[in-house]
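Visitor: Please take me through this model one question at a time. I would like the cut-offs along with the answers.

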Amino acid sequence: MNVSARSALSPDEKAIAICNLMNGFAQYRVKTGEMLSQYPVEVVDNVPLPVLFIHEGRSLLCGSDRGEVTIFNAETGSLVQVLQHPGS
């Protein structure tokens, strides 16, 4: 069972990204509820993680419980970059 936490609506309001508290993030089509992509992020502590569409909705910024920020391509689901916070 997936439990949703934080979410973000895309700038064009056609997609929603959700932190699912279990294994990362997922993106859904608002109109149909169809899952568009999954963005796996290791979840150690079961806490709501921030998620935000950036770059006019072309990228998805996902927080973590370890001080990392992961950026995914929102259109393909591919990993773009992992930003490390000093000390993490």
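Visitor: Which residues does serine 37 touch, not counting residues up to four places away in sequence?
Guide: This is a predicted model, in which local features need pLDDT of at least 70, side-chain atom pairs count only at pLDDT 80 or more, and totals for chains, interfaces and linings use all residues. Residues are numbered from 1 along each chain as its sequence is written, and side-chain values use heavy atoms, with hydrogens and water left out. Contact means heavy atoms within 4.5 Å. Once residues up to four places away in sequence are set aside, serine 37 touches Ala26, Gln27, Ala74 and Gly77.

Visitor: Is serine 37 buried or exposed?
Guide: Serine 37 is found in strand 4, residues 35-40; strands (E, at least two residues) are DSSP runs numbered from the N terminus. Buried means under 20% relative accessible area, exposed over 50%, and partly exposed in between, with a 1.4 Å probe and protein chains only. Because its relative accessible area is 12%, serine 37 is buried.

Visitor: What is the volume of the largest pocket?
Guide: On a 1 Å grid over the protein atoms alone, a pocket is an open set of points where a 1.4 Å probe fits, with protein on both sides within 12 Å along at least five of seven lines. Grid points are joined across faces, edges and corners, and a volume is the space filled by probe spheres set on the points. For the largest pocket, that space is about 170 Å³.

Visitor: Is glutamate 56 buried or exposed?
Guide: Glutamate 56 is found in the loop between strand 5 and strand 6. Its phi is positive, about 55°, although glutamate 56 is not a glycine. With a relative accessible area of 65%, glutamate 56 is therefore exposed.

Visitor: With which side chain does the side chain of arginine 58 make a polar contact?
Guide: Arginine 58 lies in the loop between strand 5 (51-54) and strand 6 (59-62), and at 44% relative accessibility it counts as partly exposed. A polar contact is a pair of N or O atoms within 3.5 Å; within protein, one must be able to donate a hydrogen and the other to accept it, and residues adjacent in sequence count only if both atoms are side-chain atoms. At 3.0 Å, the partner of the arginine 58 side chain is that of glutamate 56.

Visitor: What distance separates the C-alpha atoms of arginine 58 and glutamate 75?
Guide: Leaving aside neighbours within four places in sequence, arginine 58 is in contact with Phe72, Asn73, Ala74 and Glu75. Arginine 58 and glutamate 75 are 17 residues apart along the chain. The separation of their C-alpha atoms is 6.4 Å.

Visitor: Which residue in the hairpin of strand 6 and strand 7 takes a positive phi near 90°?
Guide: Strand 6 and strand 7 run antiparallel, with four bridges joining them. Five residues lie between the strands, and the positive phi near 90° belongs to glycine 67.

Visitor: How many bridges join strand 7 to strand 8?
Guide: In the hairpin of these strands, which has five residues between them, glycine 77 takes a positive phi near 85°. Glutamate 68 has glutamine 84 as its bridge partner in strand 8. Strand 7 and strand 8 (residues 79-84) run antiparallel, and the number of bridges is five.

Visitor: Which residues does isoleucine 54 touch, not counting residues up to four places away in sequence?
Guide: Isoleucine 54 lies in strand 5 and is buried, because its relative accessible area is 17%. Its C-alpha atom is 9.0 Å from that of isoleucine 71, 17 residues apart along the chain. Without residues up to four places away in sequence, isoleucine 54 touches Ser59, Leu61 and Ile71.

Key:
On a 1 Å grid over the protein atoms alone, a cavity is a set of points where a 1.4 Å probe fits but cannot get out, and a pocket is an open set with protein on both sides within 12 Å along at least five of seven lines; lining residues have an atom within 4 Å of a point. Two strands pair if DSSP finds at least two bridges between them.
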